Every structure is written in structure tokens, then in C-alpha cells.
Amino acid sequence: MLDINIFREEKGYDPDRVRESQKRRFANVDVVDEIIELDKELRKRIFGLDGFKKELNKINKEVGKLKISPNLDATELINRAKDIKRQIEEEQKELKAVKDLLNSKRETVGNLVHDSVPISDDEENNLVIRTVGEGRKEEKLKNHVDLVNLLGIVELKKGADVAGSRGYYLLGIGVRLNLALILFAQDFLEARGFDLIETPFFMRRDKMNKCAQLCQFDEELYKVTGEGEDKYLIATSEQPLCAYHADERIYPADLPIRHAGYSTCFRKEVGSHGRDTLGIFRVHQFQKIEQFCITSPNGNDSWDMHEEMLKNAEDFYKELGLPYRVVSVVSGALNLAAAKKYDLEGWFPASQTYGELVSCTNCTDYQSRKLDIAFGQNDGKQPKQFVHILNSTLTATERTMCCILENYQRENGVEIPKVLVPYMGGKTFIPFKN
């Protein structure tokens with residue numbers, strides 16, 4: 001969430017920045033004024049509560065003095081102290097209600113949209129930054145849905161029968177191709193200074209609540225029930241990687257941090273019906289290698305890292321030999337945590353269109369504030385700083401496989417990209433079976 005100070009004009013901050021950002025997001029602007037009023041009320045109640053506590057302390061001291069004097073009666077003061085305690089209890093309840101309402105309102109306000117983000121609420125207006133590689137333009141190329149069947153590497157019918165809609169089995173060389181992408185991606189990031197982390201597949205609700213938006217609980221996250229508390233399956237390794245650093249203080253000498261997260265991911269994909277739902281492009285369970293980075297909040301450190309992570313993704317797909325384009329995502333399509341997001345879209349020649357393979361996002365300190373991931377030493381004189389957090393897909397392997405199959409298809413099968421051959425036991429070609 002945003003720093004509460006940015007809503008406090010009387011302290012020299014500019015809440016118009018938040019109003020402008022909300023306008024850019026095509027989101028509720030009135031909530032800014034609601035937050036300002038609730039914040040004022042909260043501070044007023046805190047001041048009043050402090051007054052009651054000071055009065056109670058004063059009375060308790062006077063009662064103590066009276067008790068050591070046998071000729072003096074402390075009954076009146078003791079009754080007054082009881083009244084103040086009741087007032088304090090009531091005030092604490094009301095203060096908590098105001099604070100909870102304030103925080104719930106703050107959680108609906110998105111990160112400050114970067115000035116370079118294109119303003120629109122239609123993703124058709126995403127700004128194309130560059131296009132790389134020549135896409136195949138032949139007619140009658142097979143799409144990835146037909147190709148997985150012809151190669152015999154995916155069983156969709158039995159997958160759906162066992163796991164439900166969009167369930168699937170990877171078979172034979174399809175498993176090897178998937179593993180090859182995972183291993184190549186891990187080697188690729190390790191060579192660029194990333195440390196590998198395989199994360200838990202589920203999280204406790206209190207931890208997930210600090211890493212996911214409220215809407216994700218209904219639209220994206222699967223709940224797991226069993227003994228003890230409910231847990232949630234992760235939608236991306238970004239979530240447990242955020243929680244990994246919760247409540248830490250990270251010093252400049254330890255930054256930047258570069259994690260290569262590896263996990264299976266689970267998503268309901270509510271609202272995606274009819275959008276790329278055939279085959280294994282958009283499924284409920286998939287493997288992913290994620291770039292997750294932490295930087296200083298100062299200067300351009302996180303923005304330089306944002307470009308570095310995008311370059312990593314571009315270089316990865318260049319090595320795979322896949323044509324792609326990079327787009328800057330419009331303001332109205334940014335999630336709440338994102339200040340700016342790039343998508344890398346691979347070329348799918350059968351449909352003559354681009355499909356999203358990578359999302360690369362700078363969340364600045366929006367996530368770290370809620371997770372209390374502090375930056376540097378706090379001398380108490382300056383406002384507390386929080387690190388900047390960034391995340392980027394390197395590969396969601398099932399989607400990348402779809403793109404490889406379409407771009408490397410031949411008349412009687414599919415070639416394997418050269419960089420993956422060492423991970424495929426030297427195999428260079430997958431022939432059609434069916």
C-alpha cells in the first residue's frame with residue numbers, strides 16, 4: 001500500500017499525486033478524500049486516547065500517595081480511574097474500527113503510476129516499444145493445440161476427466177521438453193547472478209494476505225483445506241518470495257538481491273473463459289521460472305533493475321530463437337501493486353498474432369511496506385524507508401512450449417531449439433506420431 005504520509009498535505013506532501021494516479025488507472029478518485037478524512041479522525045482519536053492514558057497515570061499516582069496515608073480516602077479517585085479505564089476500552093474499540101476502515105480503503109488505492117506509462121483503459125492501446133525477429137507468415141501453419149496432439153506429447157481429454165477443465169497430462173518427450181526449458185532457464189539466470197529458490201506451493205492466509213490483492217482470493221487463488229488452518233495454493237513464486245523477506249531490514253551492502261524462483265503455479269483464471277483456453281497455453285497448473293529482485297528505494301536503482309530484468313527476458317527468448325515484441329502496458333490494466341509493467345509477447349504464426357509470455361513489473365515500495373521489509377538504518381529522525389520489489393516472468397514453460405511448437409514446426413514434426421538440445425539428451429527433432 002501507499003505511504004500514509006502522501007495523503008497528508010499539511011505535512012508538505014501532495015495528495016494530488018494520488019488523485020492523478022487514480023485517474024490514470026480509471027479508478028475511484030473519491031477514495032483519496034475518504035482516506036484523508038479517516039486519517040485525520042484516526043490521529044484525533046489517538047490524541048484523545050493518549051489524553052485519557054495520561055490522566056489515568058496521573059490519578060494512579062495520586063491514589064498511590066493516598067494509600068500510604070491512613071487518614072485519607074482514595075475511593076473517589078479509584079472510581080474515577082475505573083471510569084477512565086472504561087472510556088479507554090471504548091475508545092480503543094472505536095480507534096481500531098477507524099484504523100481497519102482506513103487500511104481497507106488504502107488497500108484499494110493502486111501504486112503511483114509512472115509518468116512513462118501510456119494512459120488508456122484498453123489493452124489494445126498498449127505501447128509497442130520494439131519488435132524483434134521475423135515471424136513466419138506461411139499459410140496453413142498448424143496451431144499449438146493441433147501440434148501437441150500430432151506429436152502425442154499432451155493428453156487433454158484424460159486430463160480434463162481427471163482434473164477438470166483445462167487439466168492435462170504431459171507425455172514422453174513433452175515432459176523432457178518442459179524440463180529442458182526449466183533447466184535452461186535456471187542456468188541462464190544463475191549465469192547472470194541470480195540465486196535459485198524453490199518455493200512452497202501453498203501459503204497461510206495471513207501471509208498470502210500481505211502478498212496478494214483482495215480480488216485474487218476470489219478470481220485466482222485456490223483454497224486448500226485440511227487439518228488446522230486453511231492455506232492457499234500460490235499463483236506465482238513472487239508470493240512466497242515476498243513472504244520470505246517479510247519483517248526483514250535489508251542494508252545497502254546486501255543489495256541488489258536477485259532470486260530465480262522456481263515453482264508450480266495454480267490459478268483459477270476466473271473470467272478467462274474463451275481466452276486462449278484450448279491446449280496448454282492458459283491452464284490452471286503450470287511451471288514457472290520467475291525473476292524476483294529487491295533494490296534500494298533511492299535514485300533510479302529499481303528503474304535500472306526493471307530494464308535489466310526486461311533485457312534478461314529478451315535475451316532468453318532471443319537464445320530460444322523466438323520472435324517477440326515488447327509492450328508497455330496501459331495504465332488501466334496495471335494491477336494495484338504495479339507502477340509500470342512491460343509485457344513480452346511471443347509471435348504465434350498459426351494465428352498471426354502475439355501472445356503474452358512475460359510480465360515484468362516494478363512494484364516500488366508498494367508491497368514491501370505491507371510486508372515491513374525495511375531499508376537501511378533508521379535513526380528515528382527520517383521517515384522509515386522500504387526496499388523496492390520487482391518481479392518478472394522468465395518462462396511459464398507450458399506457454400513457452402506452445403510458442404516453440406508453432407515457430408519450429410516442420411512438415412513432419414517439430415525441431416528443438418539449439419540451446420535446448422543439450423538438455424534433451426542430444427535429441428534435435430520430435431516427429432509427428434498421429
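**Salt bridges and a helix crossing**

Asp-83 is partly exposed in this predicted model, with a relative accessible area of 34%. Its salt-bridge partner is Arg-86, and the closest N and O atoms of the two are 2.3 Å apart. Both residues belong to helix α3, where they are 3 residues apart, or about one turn of the helix. Arg-86 also counts as partly exposed, because its relative accessibility is 48%.

Glu-308 forms a salt bridge with Arg-258, with 2.9 Å between the closest N and O atoms. Glu-308 sits in helix α10 (residues 301–320) and Arg-258 in strand β9 (residues 257–266), 50 residues apart. Glu-308 is partly exposed at 27% relative accessibility, and Arg-258 is partly exposed at 22%.

Arg-8, Glu-10, Asp-39 and Arg-43 are linked in a network of salt bridges. The whole structure holds 28 salt bridges.

Elsewhere, two helices cross. The axes of α6 (residues 173–190) and α12 (residues 397–407) come within 10 Å and cross at roughly 110°, so α6 is roughly perpendicular to α12. The crossing is right-handed. Residues making the contact include Leu-177 and Leu-181 of α6 and Met-401 and Ile-404 of α12. The contact residues divide into 6 nonpolar, 4 polar and 1 charged.

Notes: Residues numbered from 1 in each chain as written. Predicted model: local features only at pLDDT ≥ 70, side-chain atom pairs only at ≥ 80, totals over all residues. Heavy atoms only, no water. Axes fitted to C-alpha atoms, helices over the stretch in contact; angles between N-to-C directions. Helix = DSSP H or I, 4+ residues; strand = E, 2+ residues; numbered from the N terminus. Parallel < 35°, antiparallel > 145°, perpendicular 65-115°, else oblique. Left-handed = near helix turned anticlockwise from the far one by under 90°. Contact = heavy atoms within 4.5 Å. Nonpolar A, V, L, I, M, F, W, Y, C, P; charged D, E, K, R; others polar. Salt bridge = Lys/Arg side-chain N within 4 Å of Asp/Glu carboxyl O. Buried < 20%, exposed > 50% of the residue type's maximum accessible area, 1.4 Å probe, protein only.
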